[in-house]
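Hello,

As promised, here is the structure for you to open alongside this message. My notes on it follow below.

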Amino acid sequence: MMEMLPVMSLSSSVVRIVMEYWLGEQKAPGEPLDEFLDAQVPNALDRRRLTRQLESLTGIVMASISADLEYEQLDDTSRSRVVDTVRLSLHQAALSPADLKDAGLEPARLITVIWERSTVANALDLTEPERRFHDVLLAKTASVLITAASAFPESSPYVVAELLRDGGEIGGIVRSRLGELPTAGDDAYRLAIVTSLDQAEIVGFTLPAAMRKFSLSKTYSRPRITVKGDEMPVEWALADSRRLYLTGPAGSGKTALMRWLAVDGARKSLDGLLATHNELLPIYVPGSRLGDTPEKEPSSVVDFIFQYARPSLRPSLSPAELNRRCDQGNAILLIDGLDEFGQGHLPRIRKWLNQLVERYPECRFVVSSRQAAIDPAYLADLGFTVASLKPLDDSGVTDLVTRWFATVGPVVPERTGRRLPIQLGKEVVRLIRSNPQLRELATSPLMCTLVCGVYLDRGPEWLRGSNVYEAFVEMLIERRDVERGLGRVRLPRSIASIFLEELAGLMLQEGWIELPRSRVLDQFALTSRSLTKQVPDPSEVLDSLLVESGVLVEPEKGRIRFLHLTFLEYLAAQNILHNGRADMLVARAHEPLWRATFVMAVAQARHREAEKLVLLLVARFEGDPHRRRVLAGVLQECLQSAQRLEPYVRGRVNDVVEQLSHEFDESWQLWLSTSESAVADSLESWLLAEPALRREGGLAFVANRRARQHPAPYGMMGCLSLTMTGLIPVGDLVNAMTAWRAAQHDQNHLEIVLVVPESSVSIRISPHYP
């Protein structure tokens, strides 16, 4: 066994570079690290604790690097010589935080920097086995350096304090991440893929710095897809289709799926039907790169892959080796986000996609795009199977939430009350299933993850009513850019909110959910002219909101939308309240998008403002006989969401309901096998807020729950009943009642009977007994 002193010296050098990166601009470039830390931690006891933390990190790095020491059958002298060469190359390269940032945290690009600055390896007369071992060890060292650096936000102002406080947790995260790296000797490019792509980021939450970046593959939940009308697990389609085209809306998890496939394929940890994919070299091409106009157009499909793949292939594979692997079908090309580069570049990308498919017919291809951005027929002509990502169902939500807390919970025990991750996951799933708004949000993997973060950061009370939107917007606007350590000037929250609210108001008024970038810039210019303080020009404002806040996204180059439709509704409600546009809101409250905005406005408004809105809608109800059913439903939903309404106002709403009950005879009668009013209240609240029913115009409860307009169904004598009316499909109503029934875990014997208006048909929803 070789002496470990050279490896320890190399590991110590890696930790010092990582510390410089973590500290960022706090430390002057030429200031020695030891002197800086002495000044930061003058207390001798704390200084010893910090020294032990750094020694512990060195040991963790040393264990990871040592995993590749047996790659070549070298004697101890040769092996020590190579380790020293890598250490000296690292020292000669003098890597700075800017070098790591410029490398985009990609090991291959960092290796290029080291080779350009170091002459040690070339100056020594290494044998061929020593040279091979040197390249492997340098690749592993660069990957370890990048992985450890990415465990902490760049340039965090609290690095030293958090190392003293949470050093054990930070060390645990670094150890876990390094343990997931494949062996460099297997394939340097696979190592680079895992290092570069297996990263997810939690932003906006006050978590320990080490937990703001974590392994994407650990929290990934495999989705279900639809192919030719048939629903199936995604791995079925990936196994059966040599060429697969994945579509889905923004936030549906397309990029997460592609990166998971690349990372687990690089680790050779795909299982089941996908186990054979472990022998394929995954090549990931992000669509955001394809839109760049190249200085020189690629001369061949091999050059195309080399130019656009991430991480870079050049330090790991030769063009001849890549061509050989693709010719033999030993690669899978993952082209992520064809829609991201805009329609103007489509002809060029189609040309290259055609050539790739024709040149490498044995390769596997997975291509993704937002729905409606690319004509599926075009890719079908190239032999692609078209598949649509399904929103998360209940089992998908449960799986994602459980995985998320299994990854995050153990690292922040003070946030979890020392409860097990499975307990936390069950609590969040229960909250999601008991709230129709949360259920709709959680069908998006992105929003489901944010719901988990709000619960951990602020507690369950923030997952009720409009609180969750307030939490999302506040954290994304105000704290995301700070935690990411971006060096640009950020917009104060108050100013950013004005721009976002004005944009949301415009989109609501015009009925748009997505706008061209030029139209957004026009609106921002208009908003800027109304501000008394100087702000950046509109393009800088938009870039700030896209890059730093995340409330706005650019799903396709040149097209802007809100991260989720509910953010538009929430911010538009604030805009209407701040600008006194109550009349407009009342006049359009019957429209689905405006209905949701109206309810959010009542929930956010101050006491008297909320009452004014409700009374104005009551007046409209009385003067608009054609839309009374919908307006009554909106009013009842406002009663559920308002923080405070005087008895007189609640009485006016109840009068509206009573008046409606005399106007419509064709009402549903809903019977519940219970005598508890709280159960009926729960169902009423659920149905009023159910997004699927609201989109169809909604419903209204039109009679006292103990009224008897219809004979009681069999077995329902003495039970509670609800009478309601609305212009909605019966199937949507049944689905909503079934979802509510499934969320009532403490009502194991609850039975529901729906009597359909003007029909003898009744629908009985019976409990499922264990």
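A word on naming first: helices here are DSSP runs of H or I with at least four residues, numbered from the N terminus. Please also keep in mind that this is a predicted model.

With that naming, let me start at helix H10, which spans residues 188–197 and includes leucine 197. Is leucine 197 buried or exposed? Its relative accessible area is 0%, so leucine 197 counts as buried. Setting aside neighbours within four places in sequence, leucine 197 is in contact with Arg259, Ala262, Val263, Tyr284 and Arg310. One of these, arginine 310, is 113 residues away from leucine 197 in sequence, yet the two C-alpha atoms are 8.6 Å apart in space.

Which strands pair with E8? Strand E5 (residues 243–248) pairs with E8 in the parallel sense, over six bridges. Within that pairing, arginine 243 stands opposite phenylalanine 365 of E8. Strand E7 (residues 331–336) also runs parallel to E8, and four bridges join them. There, leucine 334 has valine 366 of E8 as its bridge partner.

On to the nonpolar cores. In soluble globular proteins, nonpolar side chains tend to be buried together. The largest core in this model has 119 residues, and Met19, Leu95, Ile283 and Ile305 have the most contacts inside it. Not counting residues up to four places away in sequence, isoleucine 305 touches Ile283, Leu313, Leu322, Leu333, Leu356 and Tyr360. Another core lies apart from that one; it has 96 residues, including Val429, Ile477, Ile495 and Ala589.

Last, a helix pair. The axes of H1 (residues 5–23) and H4 (residues 76–93) come within 9 Å and cross at roughly 20 degrees. Angles under 35 degrees count as roughly parallel, and H1 is therefore roughly parallel to H4. The crossing of H1 past H4 is left-handed. On the H1 side, the contact is made by Pro6, Val7, Ser9, Leu10, Ser13, Val14 and Ile17. H4 contributes Ser80, Val83, Asp84, Val86, Arg87 and Leu90.

Happy to talk any of this through once you have had a look.

Best wishes

Methods
Residues are numbered from 1 along each chain as its sequence is written. This is a predicted model: local features need pLDDT of at least 70, side-chain atom pairs count only at pLDDT 80 or more; totals for chains, interfaces and linings use all residues. Side-chain values use heavy atoms; hydrogens and water are left out. A nonpolar core is a set of buried Ala, Val, Leu, Ile, Met, Phe, Trp, Tyr and Cys residues joined through side-chain atoms within 4.5 Å. Buried means under 20% relative accessible area, exposed over 50%, partly exposed in between (1.4 Å probe, protein chains only). Contact means heavy atoms within 4.5 Å. Two strands pair if DSSP finds at least two bridges between them. Helices (H or I, at least four residues) and strands (E, at least two) are DSSP runs, numbered from the N terminus. Axes are lines fitted to C-alpha atoms, for helices over the stretch in contact, and angles run from 0 to 180 degrees between N-to-C directions. Angles under 35 degrees count as roughly parallel, over 145 as roughly antiparallel, 65 to 115 as roughly perpendicular and the rest as oblique. A crossing is left-handed if the near helix is turned anticlockwise from the far one by less than a right angle, and right-handed if clockwise.
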